[in-house]
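I opened this notebook page to record what I looked up in the structure. The entries follow in the order in which I made them.

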Amino acid sequence: MIDVKLNDAEKRMLQGEDGLVPQLTMQWLVEMCQVAGTDTIIDLDGTGDFHTPWTTMTFHHEISLDELKKLTAAGGVFKIPTFSNKSPFTEMSPIHGWEGCDMCSRSHGNGRFDDCDFHEKSMHEEFYVEFRKMGMLQTHSCASYLTASYLPTIGQHCSWNESSAIPYCNAVLGARSNIDGSFATCFLGKAPYYDMHVTENRLATVLVETERLIHTDTEWDLLGFAIGEDCGLAVPAITGTAKPTTTQFCKMNAGMNTGGSIRMYHIPGSTPEAPTLDAAFGGKKPQRTALIGENVLRATYEKLNFHTSDDVDMVYLGCPHLNAVDMMLLARKLEGKKVKIPLWIMTAPWLYNVAKEQGYLKIFEDAGAKLMDGTCMAAMGGVPDYVHNIAVDSAKQSYYITGCYPDDDNRLQVCYGTQDDCVDAALSGKWRGEFKSVGGAF
Ligand code: F3S
């Protein structure tokens, strides 16, 4: 058993002298250190996020609503700026656009999915009220960092809890986080000191090469999934790409943490800890080289894209949740058109209002599409009953949505491709996408 180093204040909390909530959260933190193999706790100076309304770190550390109320009555607050991820209890987090979605009881059996009044009400009840008192900003998104308006800076220690977001924190922002965002870490402003908090663990070990320039959104999505499968937990340095856009970073990050579990990577010249390839490896030699060539991208495309019919029942876009520019570009594609089959577009609740003010919502609605927020198809655990073949433009969504159908006889079919392929499918009801080698030469 590792003897975790505690200062006097931490010892007091652990002994219960500061109350039950500090004690339970400290107990959890000490156990997390032991699991992580570290004797050190680090004070966080960045930001945190976790899945609401969970206060449960483990079963024996659950904090009841009554305890939470006592805590807030005594002035308890989150010690770091804290944002909410989408809720794992999917009926809690959607806010806009769910009328008539036909998703009332597909997997949750509570009849509430298309009840917007319930969603609205849930935001003002119980745990959420207490969380807001504690300072939580309720972004309700897997891409909360895109709406947060407050980001950690280089070197700051954070505690986030969304797999697709972790590389954004580490690789893109240069801040430091493991996948351990929880009520405890945000309340205490402390986390176990291991893995991505430690400088040497952030250095690249695997050199990733491509055969041609990676530059379209779908190529980044495929590249991410393929790197995840190849590299697993390693830290790759990726070469042979154009400079990624914000959307492309997000797509690759989501793919990486579906094919594998990549918390950190480097793209020399694009990510802050890799001004050069040599710096990415800390002056050492790569342990190995992974070639993500044309054949790998094609095989990944085919793995994610399986359907026996080209008749599509529904199109789903917004994994990770669409940002404001994504919505602007999508609105251009849909303006003046009419969808033939349901098209669902997912974003973050705060951005729903931006889409409304910018006129994108009206364009989507006029086209017959639905703009929705606060969760995602995979988190919802299924699709409406009429859907047997769905089109998506996200490797992560393709992978997880089919996992909702373990029975092979009823396995959902998926058409995976570019956003343009998906829009075409929404307008025509037909899938015409195919793998394209569109990347340019180096
Ligand atoms: Fe977000 Fe769901 Fe995709 S949580 S990253 S939209 S699978």
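Entry 1, cavity. I noted that β2 (48-51) and α6 (144-147) each supply at least two residues of the lining of the largest cavity; helices (H or I, at least four residues) and strands (E, at least two) are DSSP runs, numbered from the N terminus. The model is predicted: local features need pLDDT of at least 70, side-chain atom pairs pLDDT 80 or more, and totals for chains, interfaces and linings use all residues. Residues are numbered from 1 along each chain as its sequence is written, and side-chain values use heavy atoms, without hydrogens and water.

I searched the whole structure and found one cavity of 30 Å³ or more. Its volume is about 60 Å³. A cavity is a set of points on a 1 Å grid over the protein atoms alone where a 1.4 Å probe fits but cannot get out; lining residues have an atom within 4 Å of a point. A volume is the space filled by probe spheres set on the points, which are joined across faces, edges and corners. Among the lining residues I listed D49, F83, Y145 and W160.

I found zero disulfides (cysteine sulfur pairs within 2.5 Å). The sulfur of C169 is 3.9 Å from the closest cysteine sulfur, in C158, too far for a bond. For C422 the closest is in C415, at 8.3 Å, also too far for a bond.

How values were computed
On a 1 Å grid over the protein atoms alone, a cavity is a set of points where a 1.4 Å probe fits but cannot get out, and a pocket is an open set with protein on both sides within 12 Å along at least five of seven lines; lining residues have an atom within 4 Å of a point.
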